[in-house]
Amino acid sequence: YQRRVHGYTSIVGIDVDLSKKLVEDICLVPGARYLSVASETEFRQIMEEEFAYDVTPVAFDIKIDLKSETSDVKFEKAFGSSELNSVNQTKTINLSSEFPNPIDDKGGMLGNILLFKLSGVSESSDTLIVDLKYKDAEGLDRNSTQTITLNSEEHFSSLSIRKAIVLSKMVELQQDYVIEKPIEGKTYLESFTLFRDHFLTEMVAVGDGSIESENKWIMEGIIDKIIDLEKNRKKKKKKKKKKI
């Protein structure tokens, strides 16, 4: 495979985010990666500790097929890669390439999880067959097949998945807010206030204390800011009604 691709490109945005479409186009190029940093500390970490991981793709031409003998299960949405932004009701996922992530002192890995939301799953139980095919860095074909049994009970196979789910909910709620998508039976003030409590509860459940330190911006810069904006909007509406 490397005979066809003679070099790879990783782009680091410093204190700036490129457009969603441009990031997606970059990630669609085999071996290309886009990263964004907002501080000198993050930049040093990428350059000094994670550089080899960010410039060395380990898998190409990735294809994930979903099969079920009992229902018409499909990938409804996907999170974790800009390449997955356009996923909508499909049985097949394609990725141009993937990169490794460093492992911390506790044996954990930060990021690099792909989360899929499924549609058409049976309400009782369902057995899914997931086929994974890709080419490794040497161009050799690799494949793996897993059989997964789903049921109606809510459970998490790992804390990482539980954390990924609550983060994906935040992304969906934020996206709906940006496009002003109506929420049935609730205002955005109510929705974000309820989600704030849920988010904090889930972060405690997964043992993630970063929301009080390096990821404090998630609360202050996104959730709390939107809540404050909606409170001010509500006050302005009340004032207008009084004037009328």
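The following dialogue shows how several features of a predicted model may be read.

Trainee: On what basis are the values given?

Mentor: This is a predicted model, in which local features need pLDDT of at least 70 and side-chain atom pairs count only at pLDDT 80 or more, while totals for chains, interfaces and linings use all residues. Residues are numbered from 1 along each chain as its sequence is written, and side-chain values use heavy atoms, with hydrogens and water left out.

Trainee: What is the volume of the second largest pocket?

Mentor: On a 1 Å grid over the protein atoms alone, a pocket is an open set of points where a 1.4 Å probe fits, with protein on both sides within 12 Å along at least five of seven lines; lining residues have an atom within 4 Å of a point. Grid points are joined across faces, edges and corners, and a volume is the space filled by probe spheres set on the points. Here the second largest pocket has a volume of about 1900 Å³.

Trainee: Which residues lie nearest the centre of this pocket?

Mentor: Of the 43 lining residues, Leu114, Leu115, Phe116, Leu118 and Ile161 lie nearest the centre. Elements giving two or more residues to the lining include strand E6 (115–119) and helix H4 (159–178); helices (H or I, at least four residues) and strands (E, at least two) are DSSP runs, numbered from the N terminus.

Trainee: Which members of the largest nonpolar core touch the most other members?

Mentor: A nonpolar core is a set of buried Ala, Val, Leu, Ile, Met, Phe, Trp, Tyr and Cys residues joined through side-chain atoms within 4.5 Å. Buried means under 20% relative accessible area, exposed over 50%, and partly exposed in between (1.4 Å probe, protein chains only). The core has 18 residues, of which Met170, Phe192, Phe195, Phe199 and Ile223 touch the most other members. H4, H5 and helix H6 (216–243) each give two or more residues to this core.

Trainee: Is aspartate 54 buried or exposed?

Mentor: Aspartate 54, in helix H3 (residues 51–54), is buried, because its relative accessible area is 6%. Leaving aside neighbours within four places in sequence, aspartate 54 is in contact (heavy atoms within 4.5 Å) with Ser10, Arg33, Leu35, Ile46 and Phe99.

Trainee: What is the phi of glutamate 180?

Mentor: Most residues other than glycine have a negative phi. In glutamate 180, phi is near 60°, a positive value. Glutamate 180 lies in the loop between H4 and H5 and counts as exposed, because its relative accessibility is 60%.
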